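Open the model in your viewer and colour it by confidence. The stops below say what to select and what is there.

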Amino acid sequence: MSAALLRRGLELLAASEASRAAPGQAKTSGAPVKRTRRARAKASQALKLRNSAKGKVPKSALAEYQKRQCQDHLKANLKFMTSVRSTVPESVTQQILQQSQGRKACDRVVTKTKKKKKKAEGTVFTEEDFQKFQREYFGS
């Protein structure tokens, strides 16, 4: 059973219940009931709204714009953050920080090491050794 048929059946049932509830009114013998202009307009508008987009009511363009507009939550967030006062002991804070440190390079503490100053290296060879080499190699 479709939703439209179910809705129509409920409307008919509600209409029949309303006619039974009003005992002062006489029931007509099947002749069409004349409606006032307002009642006809209201019924046609309800029919239009019901038939549009499978029963969805059209939304206001202004309401859609305001819904999509960016909202500034700064005041509410500041109020919340300033109102919340958490008194956590220092030991608990340190324990949490210690547990959250991982093995990543950004979590490691960098210790500065002093570099050793290199001594100016002196030569092992003397001037005499160089002259001796020159004589032997070049032959002069």
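Select Leu-13 to begin: Leu-13 counts as partly exposed because its relative accessibility is 46%, where buried means under 20%, exposed over 50% and partly exposed in between, with a 1.4 Å probe and protein chains only. Leu-13 lies in helix H1, residues 3-21; helices are DSSP runs of H or I of at least four residues, strands runs of E of at least two, numbered from the N terminus.

This is a predicted model, in which local features need pLDDT of at least 70, side-chain atom pairs count only at pLDDT 80 or more, and totals for chains, interfaces and linings use all residues. Residues are numbered from 1 along each chain as its sequence is written, and side-chain values use heavy atoms, with hydrogens and water left out.

Now zoom out to the whole protein. Six helices and zero strands make up its secondary structure. Of its 140 residues, 1% count as buried.

Colour by pLDDT, the predictor's confidence in each residue from 0 to 100. The protein has a mean of 77, and 81% of its residues reach 70 or more. Select residues 37-51, helix H2: confidence is lowest here, at a mean of 74. Then select residues 127-138, helix H6, where confidence is highest, at 90.

Stay on H6 and check its length. Finish at Gly-139, which follows H6 and has a positive phi, near 80°.
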